[in-house]
Amino acid sequence: MKDEALNDLLYRMADDLLVLGHRNAEWTGIGPLLEEDIAFSSMAQDKIGQSLALYTLLHEAGEPDPDTLGFMRDASDFRNCIFVELPNGEYDFSLIRHFLFDTALAVRIDSLTRCSYEPLANLARKIQAELKYHALHANTFVRKLGTATGESINRLQRSIDEALPFALGIFESTPWEKEIVERSLCESETILESRWRARIDRIVATTALTLPSRDVLTPVYGGRAGQHSEHLQPLIDEMTEVYRSDPETEW
Amino acid sequence: MNSVDPRINRLLKARQPADVGPKAPLDQFGTFEVFVKARGGKPFQHEGIVHAPDAEMAFVLAKETFTRRFTCVSLFVADTRQIFVSPLTEGSQSVFDILSGPPGDPALPTEPYEVFHLYKRGKQHVHAGTVNASSPIEAMQVSRSLQESKTVYSVWVIRMADIRFTRPDEEDMWETLPEKKFRDAVEYKGGDRLKTFLRS
């Protein structure tokens, strides 16, 4: 018996993490500082590891195995938000995306520590501590660059303005949300979004950056329903090229 | 052409005749020394440096530069310029035999210093303890009492106030580290797989 509501919750998170992990890993070797290249790549690896843990939960709930889920699906089957599939742009956009997404992930994982589905609650409790570092890294960079020079402040501000409508897509509602909330699998997207907003407001308030108010922003939705931008399929093609060249092979 | 990859941009620039001259001074971030505690029972040990604009960034970068594998329970960083180092001895000579100076004035205010001793040439400095002193040289001299049996070849001291420690609420950051086997090259068993392939 497929648990569609639970699957929806798991797929959304796992796909977000796999796609963003892939995007962040594209910076490996060309990051702005040696130590930062290592840190960003390491966090990308963490994200892919977390997506594997979530795909494993899906497999245990009856879905195909993680390799099949990660490498054999195409764009319309993915339920990530459009935000994470956007190309990296320059480092300021990637840093802002890292800041906005990882804060949202921390809020969601915190809610999931109280999830009524025990395996997911256990996973959430386990990764909550390692996510602290991702938030510390993002917050430190935003604080430093957001108060540094005219160039750093302008770049970060342009990236925030570009990213925010897409970031709101993290909290896109799905047809299973009512059931998810009623069964105490997770709290509502509206609640998660407002907690997320409070956290990013607190950090941005320490900088010269500004966040537009929620009512002037138009969220970019669609990703949760499999309606993606033109960027996702090329990402999937590149990410899965080696695996798909011989799916039966022993690694 | 402007590529995101700086190696491409450097390649294109290289086609122009280069100005040969001395490297510009201060074109890198300053360095911070990194100290890591691998497990509860082991002391902090010096691991290396990171380049960073300040202590907070150094802490954030050190965590992934030096504690990506195996185990870690804590780390701290200090600006290289704030670490006082003694001369180096060898063989059977203890560094304390050559640390000169009269005893400090007991009326002067003291503050805590973290002390690191070197027990073997070629190895890393290891945390020996904390002492109170009114100057770095006095801290080094006082630290003699921290090590009775082993010969000490070098002492480093750092004012506690100059160190960015791991905060208590940050200590669980490394909780899941031991299970990240995918970060350890040995786990991929590349050699074994190659042997199997070559035999087949």
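Residues are numbered from 1 along each chain as its sequence is written, while chains are lettered from A, and ligands numbered from 1, in the order in which they are written. Because the model is predicted, local features need pLDDT of at least 70 and side-chain atom pairs count only at pLDDT 80 or more, whereas totals for chains, interfaces and linings use all residues.

**View 1. Confidence in the model.** The predictor gives the complex an ipTM of 0.93 and a pTM of 0.92.

**View 2. Where chain B meets chain A.** Here 20 residues of chain B are in contact with 17 residues of chain A; contact means that the C-beta atoms of two residues, placed from the backbone, lie within 7 Å. On the side of chain B that touches chain A, β2 (45-51) and α2 (55-66) of chain B each supply at least two residues. Helices (H or I, at least four residues) and strands (E, at least two) are DSSP runs, numbered from the N terminus. Which element gives the most to this side of chain B? That is α2(B), with seven residues. By class, this side of chain B has eight nonpolar, three polar and nine charged residues. Nonpolar covers Ala, Val, Leu, Ile, Met, Phe, Trp, Tyr, Cys and Pro, charged covers Asp, Glu, Lys and Arg, and polar covers the others, Gly among them.

**View 3. A helix pair across the two chains.** Helix α6 (residues 118-145) of chain A packs with α2(B) at an angle of about 145°, their axes 10 Å apart. Axes are lines fitted to C-alpha atoms, for helices over the stretch in contact, and angles run from 0 to 180 degrees between N-to-C directions. From α6(A), Y133(A), L136(A), H137(A), T140(A) and K144(A) meet E56(B), M57(B), V60(B) and K63(B) of α2(B). This contact of α6(A) with α2(B) has four nonpolar, two polar and three charged residues.

**View 4. Helices α1 and α2 of chain A.** Helix α1 (residues 4-25) and helix α2 (residues 34-60) of chain A pack at about 155°, with axes 8 Å apart. The two are therefore roughly antiparallel to each other, a term for angles over 145 degrees. Among the residues that meet here are L10(A), L17(A) and G21(A) in α1(A), and F40(A), I48(A) and L54(A) in α2(A). By class, the contact has 16 nonpolar, six polar and one charged residues.

**View 5. Helices α2 and α6 of chain A.** The angle between α2(A) and α6(A) is about 170°, and their axes lie 11 Å apart. That makes α2(A) roughly antiparallel to α6(A). Residues meeting here include M43(A) and L57(A) in α2(A), with L123(A) and H137(A) in α6(A). The contact has eight nonpolar, three polar and two charged residues.

**View 6. Two loop residues with positive phi.** Most residues other than glycine have a negative phi. S184(A), not a glycine, has a positive phi of about 55°, and is found in the loop between α8 (177-182) and α9 (189-204) of chain A. Is S184(A) buried or exposed? With 12 other C-beta atoms within 10 Å, S184(A) is exposed; 12 or fewer count as exposed, 20 or more as buried and counts in between as partly exposed, with C-beta atoms placed from the backbone. L26(B), also not a glycine, has a positive phi of about 55°. L26(B) is found in the loop between α1 (6-13) and β1 (31-37) of chain B, and counts as exposed with 6 C-beta neighbours inside 10 Å.

Note on methods: Angles under 35 degrees count as roughly parallel, over 145 as roughly antiparallel, 65 to 115 as roughly perpendicular and the rest as oblique.
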